[in-house]
Protein chains: 2
Amino acid sequence: MTENGRRPRTSGRPTLEQVAVEASVSRGTASRVVNGSLEVSPWALKAVQDAIRKLGYVPNHAARSLVTQRSDTVLLVVSESEDRVFDEPFFGSLVRGLSQELSTTSLQLNLMMASTARQHGRVEQLVRNGHVDGVILISLHGDDPLPQNIVSAGAPVVLTGRPMSDIGAVPYVDADNEAGARAATEYLHRQGRRRIATITGTQDMAAGLDRLNGYRAALKSKRGVTRLVAQGDFGQASGETAMRELLSRAPDLDAVFAASDLMAAGALRALRVAGRRVPDDVAVIGFDDSEMARNTDPQLTSVSQPTQQMGRELAKLLIAKLREPDASLPPVILPTELVCRESA
Amino acid sequence: MTENGRRPRTSGRPTLEQVAVEASVSRGTASRVVNGSLEVSPWALKAVQDAIRKLGYVPNHAARSLVTQRSDTVLLVVSESEDRVFDEPFFGSLVRGLSQELSTTSLQLNLMMASTARQHGRVEQLVRNGHVDGVILISLHGDDPLPQNIVSAGAPVVLTGRPMSDIGAVPYVDADNEAGARAATEYLHRQGRRRIATITGTQDMAAGLDRLNGYRAALKSKRGVTRLVAQGDFGQASGETAMRELLSRAPDLDAVFAASDLMAAGALRALRVAGRRVPDDVAVIGFDDSEMARNTDPQLTSVSQPTQQMGRELAKLLIAKLREPDASLPPVILPTELVCRESA
DNA sequence: ATGAAAGCGCTAACAA
DNA sequence: TTGTTAGCGCTTTCAT
């Protein structure tokens, strides 16, 4: 039987106090070792380290947070109402990179969906109450005020994708959308295509703008090239519609660059219905190099982004910001790559 | 200028003590109100509530955890080495459901990737150190010992997908894979198909087994039906290979049920190469109703699972287990639905 | 370089 | 029903 009827309030796992006793030093010294302070004698250092190993000591997160006023937690906010984000490998890959990088630190990754204004409010409150030290924001539309609000609530923010309004000093990670689009378009031109269309993404997101700009840049000084632009919204249906429109405007077009794989897939469908062969009659290139690119018929040539690395860079950026809140960090723009398959 | 050169160690946000003073009660009473204790006089209740509102008080998570020995955090562990998990909408949708349900409580959602044994060890340590109160495990293969280990480390676990070895008392949420497969196969039979093949998923996951069993059950008492089984691994390439094999074994087959959309897409490709028309010559049905199903040509008829609801149920299950650790909860099996498109 | 001690904000046992 | 109080495990002055 137990020695006391009362249930103990302690967890039973070793505390810093026990480590200190084991190492015959004070709790203060033990703490210094745990936190890597330099002001510790080699002798004490070793004694404490041995004790920690022997006892299997692990710091208590809550106790540490309580005194340091830090939470050691970063919040990943997915700000997207549609399920669509998730249909793309983008999210998973990004999280994998994030998680990888964060696991080298003591930071925890908290996840939260926040599409509504009410949920955005909850994010701000979390920050204001010190429950999170920093925030990572993904898939933000237009010029959402959320990043600003979080910053004024007192936590650093990093973004995926260049924000529309260039909000001061909020660092972000992005793929080089313009260069990717340029490469795709130039590739089409190099193949001898001369009536090259593009289907754009929504223009309230930087990715949409940049990809259109890349297309334009590629064709800028080219002569004898017909340019054609149709609006899409990144979704498949819009790609199909846009393609039909393009075909009616220019039945003789011989290439199309779509700003997303979904739209490219839609375009493929419209082209098939119209009796055009791909890539013989019309070459098609998409963007994202998603799983889908390998599943269309013909398989899509597409611009791929290093999503996992983007996740890692995102984490690094936030960690840097956490260490030095006042540092002004430049955006990280990662290169894209054209993956050639059957459609172009 | 500030009144004191020393930087204060306090966060500046209101504490329970301040609430108590404002309400002219003791900290104990204030605490009771915050935690919903019934033993509080109406008068005190109101006074404290008013003070809370006035001061904008929010409990300090770290302080509470420290004394209660609970973390108010649940951990979502993604145990999958491939990126493949994420290519499917499954994950995102699940997280959405989880997140939705959890937001009605004070529980935080922590995310962690853990494919390697080393990372699994980290999960156990997190549990053992009281950093998480409960664990949600997704995409577990074979009979991984992780759930058991977590339980013996002292935290409740819930799973997505029936575990292979029926580990005692670990509740799980799953789609009714067998019924879904049965419905798909019966549908094919009802359409007059009589040489019905299936492409299986890996047989080290319950979903793989159950879907095969569903196929068998559907055809059990049917007479004049040719049955054909080919092994796949849920991936697209395996679907293509399996389909080729099936065609060589039975050139006259007229239907195939694939245990995943990816495999169905592979099958579609093989069928096209072989010159078979879908659905005219061969009807095809997939499983998952993923984004891809809408992107193949022809579009895939597929069995859909209520993934978001699965996420919600998962959260509910864990919450129940947290409240009553000894309760033995039955699995939650959710119905599937056959979504008819062009391929069958 | 080290020890002693003062809390961080909160809950829960106990006394009243 | 309420107030008082003893910690939860840790970091960080301040003194030595």
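Reader: What is Val284(A) in contact with, leaving aside its neighbours within four places in sequence?
Author: Val284(A) is in contact with Val256(A), Ala258(A), Ala264(A), Ala267(A), Leu268(A), Val278(A), Pro279(A), Leu300(A), Ser343(A) and Ala344(A). Contact means that the C-beta atoms of two residues, placed from the backbone, lie within 7 Å.

Reader: Before I go on, what kind of model is this?
Author: This is a predicted model: local features need pLDDT of at least 70, side-chain atom pairs count only at pLDDT 80 or more, and totals for chains, interfaces and linings use all residues. Residues are numbered from 1 along each chain as its sequence is written, while chains are lettered from A and ligands numbered from 1 in the order in which they are written.

Reader: Back to the valine. Which residues have the most contacts inside the largest nonpolar core?
Author: Val256(A), Val284(A), Val256(B) and Val284(B). That core has 80 residues. A nonpolar core is a set of buried Ala, Val, Leu, Ile, Met, Phe, Trp, Tyr and Cys residues joined through C-beta atoms within 7 Å. Buried means 20 or more other C-beta atoms within 10 Å of a residue's own; exposed means 12 or fewer, and partly exposed is in between, with C-beta atoms placed from the backbone.

Reader: How much of chain A counts as buried?
Author: 49% of its 344 residues.

Reader: And what is chain A built from?
Author: Chain A has 13 helices and 12 strands. These are DSSP runs, numbered from the N terminus: helices are H or I with at least four residues, strands are E with at least two. The C-alpha atoms fill a box of roughly 90 × 45 × 40 Å, taken along the principal axes.

Reader: New topic. How many residues of chain A are in contact with chain B?
Author: 36 residues of chain A, meeting 37 residues of chain B. Helix 6 of chain A gives the largest share of chain A's side, 7 residues. By class, that side has 15 nonpolar, 15 polar and 6 charged residues. Ala, Val, Leu, Ile, Met, Phe, Trp, Tyr, Cys and Pro count as nonpolar, Asp, Glu, Lys and Arg as charged, and the others, Gly among them, as polar.

Reader: What rotation superposes chain A on chain B?
Author: One of 180°, with 0.1 Å of shift along its axis and an RMSD of 0.2 Å. The two copies are thus related as by a two-fold rotation axis.

Reader: Last one. Where is the cis peptide bond in chain A?
Author: Between Asp297(A) and Pro298(A), with omega about 0°. Pro298(A) sits in the loop between strand 9 (283-288) and strand 10 (301-304) of chain A.

Reader: Is Asp288(B) buried or exposed?
Author: Asp288(B) counts as buried, with 28 C-beta neighbours inside 10 Å. Its phi is near 125°, a positive value in a residue other than glycine.

How values were computed:
Copies are superposed by least squares on the C-alpha atoms of residues with pLDDT of at least 70 in both.
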